[in-house]
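Let's take a walk through this model together, one interface at a time. Have the viewer open and follow along.

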Amino acid sequence: MNALKELYQQTILDHNKNPRNFGELEVCNHCAEGHNPLCGDHIDVFMNIENDIIVDVKFKGAGCAISKASASIMTTILKGKRIEEARRLFESFHDAVTSDPNSTIDEMNLGKLAVFCGVREFPARVKCASLAWHTMINALANEELLMVKA
Amino acid sequence: MNDYIYDIEAIRADFPVLSRFVHDKKLVYLDNAATTQKPQQVIDAVSNYYTNYNSNIHRGVHKLSQEATVGHERARKIIKNFLNAASEAEIIFTRGTTESINLVASSFGQKFIHENDEILISAMEHHSNIVPWQILCEQKKSKLKVIPINDEGEIIFEEFEKLLNPKVKIVSIVHISNSLGTINPIKKIIDYSHKLGIPVLVDAAQSVQHQKINVRELGCDFLVLSGHKIYGPTGIGVLYGKKELLNSMPPYQGGGDMILSVSFEKTIYNELPYKFEAGTPNIVGAIGMGAAIEYIESIGLENIQNHETQLLTYATKRLLDIPGLKIIGTAAEKSAVISFVLDFVHPHDVGTFLDLEGVAIRTGHHCTEPVMRRFKVPATSRVSFGIYNTAEEIDILAASIENVINLFN
């Protein structure tokens with residue numbers, strides 16, 4: 001049961017029950033839709049980016065506790081970050097959840113994202129944890145939308 | 001009723017994997033609609049083939065090839081008798097249910113389906129009985145029509161009757177739904193379709209292991225099944241088809257075994273069933289599937305059905321006692337499959353939690369996305385029972401579900 005407690009930490013259960021930044025943005029110049037066809041998880045990520053800084057970010061969608069908590073925590077972290085910082089965080093997060101369960105993780109570097117370290121024990125759940133992040137990366141690349149709306 | 005005593009311990013002892021532990025808990029395998037476990041008799045048949053007479057079939061004059069050919073064709077005969085087909089010529093080996101449907105869609109479709117023709121399926125089909133027809137419809141500019149289902153997950157028969165018309169060239173319907181457990185009234189569907197001369201394909205992937213199927217009594221034109229869902233190996237399945245219909249259809253794939261003679265000017269196709277079996281087949285798969293059918297027949301389909309009905313009744317009662325649990329699929333005629341959702345816990349989280357308790361279930365859309373949309377759920381948790389499941393396992397399942405609810409509240 002230790003692995004389970006590691007996976008469903010209190011923070012994750014809390015964000016699942018009360019997701020932060022849930023909903024659509026009124027001012028939005030980057031957005032993307034993420035979908036995991038295997039399990040039906042679905043998420044929309046909305047961002048307002050000005051001068052390479054993520055001024056605001058929200059999400060909406062339906063999914064399991066891991067995917068919802070991951071999206072919620074991601075939005076709280078990204079607000080105010082520069083685009084390259086967001087990309088770097090995605091890399092660190094992705095490396096952590098896909099790393100070998102026996103290797104050591106630099107939790108300091110991950111900050112709040114360290115609560116997702118337990119996911120690497122559950123290969124079937126990696127996609128749940130990373131759906132929001134992949135969608136956010138797609139939203140960043142969504143330049144066409146930026147030009148239309150800006 | 002017969003005097004048969006269902007010796008569950010003896011049956012369980014035939015399945016080596018059932019004695020293993022998962023996350024330090026005794027395995028409770030409730031994912032039988034996805035695939036079933038294999039009894040020692042099937043494992044031995046597969047092992048015996050590779051150990052003692054592995055060889056190619058239909059072409060060697062040597063002893064091993066003859067033994068392999070006999071083993072392969074014996075399996076065909078077992079399946080013919082199992083389904084009560086008229087002859088072995090009507091039993092085509094395929095890779096599984098999916099390939100069987102693709103074969104019919106491709107071959108029957110090429111010959112008999114034209115522009116503006118209609119193909120009739122139901123709203124509870126597995127993706128494998130939707131997509132092959134969509135591909136065909138795209139090629140032929142024909143139309144896919146869907147029989148709607150009610151809130152219980154049953155076909156609305158009056159709607160089916162309304163959809164029947166001379167433009168319909170085939171009705172392709174699932175016997176038992178893999179995600180809802182609904183048992184469709186296929187005999188009635190076949191009879192109504194035949195009144196208009198429309199052939200019917202029955203997807204029996206989820207039914208042949210639970211109840212006796214007699215293709216001649218049903219009168220179905222095609223029936224498709226998989227070996228791995230009936231306690232046999234993966235990668236093997238069957239297409240049953242009426243001989244005259246199969247004879248009128250063009251080959252599905254070209255290659256060795258499906259020909260009588262080949263020249264660059266003209267090739268003469270082989271007779272049934274070989275016309276549809278190009279290339280070296282899954283010899284060991286067929287032999288394993290034959291062994292699996294002999295195994296379930298030694299228990300008896302009627303006894304299996306009886307046992308599984310008891311499991312379904314008990315599990316339904318236990319699960320409905322859990323507050324916040326809703327069963328998706330409440331047809332009057334149901335097989336031992338229960339899909340459910342919980343008020344505050346997503347199926348994925350249920351699946352991971354149950355796995356750590358040693359309980360294997362399926363979570364997701366079960367390859368039936370239209371069913372999920374019909375019931376407005378993104379996914380469900382599904383338990384599906386087999387010959388070796390017990391009431392004690394249902395108790396473990398119910399306790400585990402209660403635990404996961406507690407964790408999330």
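How many Å separate the centres of domain 1 of chain B and domain 2 of chain B, taken over C-alpha atoms? In this predicted model, the separation is 28 Å. Domain 1 of chain B covers 8–30 + 300–408, while domain 2 spans 43–298. Where they meet, domain 1 contributes 34 residues to the contact and domain 2 contributes 31.

Now look at what this meeting of domains involves. About 2,600 Å² is buried between domain 1 and domain 2 of chain B, with carbon and sulfur atoms giving 56% of that area. Across this interface there are 20 residue pairs in polar contact, both at pLDDT 80 or more. On the domain 1 side, α11 (301–320), β14 (337–342) and α13 (369–374) of chain B each give two or more residues, and α13(B) gives the most, with 5 residues. By class, that side has 17 nonpolar, 10 polar and 7 charged residues. The interface also holds 1 salt bridge. You can find D151(B) paired with R374(B) in a salt bridge, their closest N and O atoms 2.9 Å apart.

Next, turn to the boundary between the chains. Here 19 residues of chain A and 15 residues of chain B are in contact, and the buried area is about 1,400 Å², 64% of it from carbon and sulfur atoms. There is 1 salt bridge between the chains: the side chains of R125(A) and D349(B) meet at 2.8 Å, N to O. On the side of chain A that touches chain B, α1 (2–7), α2 (10–17) and α3 (65–78) of chain A each supply at least two residues. The largest share, 3 residues, comes from α2(A). That side of chain A divides into 13 nonpolar, 3 polar and 3 charged residues.

Definitions and conventions: Residues numbered from 1 in each chain as written. Chains lettered and ligands numbered in written order. Predicted model: local features only at pLDDT ≥ 70, side-chain atom pairs only at ≥ 80, totals over all residues. Heavy atoms only, no water. Contact = heavy atoms within 4.5 Å. Buried area = accessible area lost by both parts, 1.4 Å probe. Salt bridge = Lys/Arg side-chain N within 4 Å of Asp/Glu carboxyl O. Helix = DSSP H or I, 4+ residues; strand = E, 2+ residues; numbered from the N terminus. Nonpolar A, V, L, I, M, F, W, Y, C, P; charged D, E, K, R; others polar. Domains from an automatic or database assignment. Polar contact = N/O pair within 3.5 Å; in protein donor to acceptor, adjacent residues only side chain to side chain.
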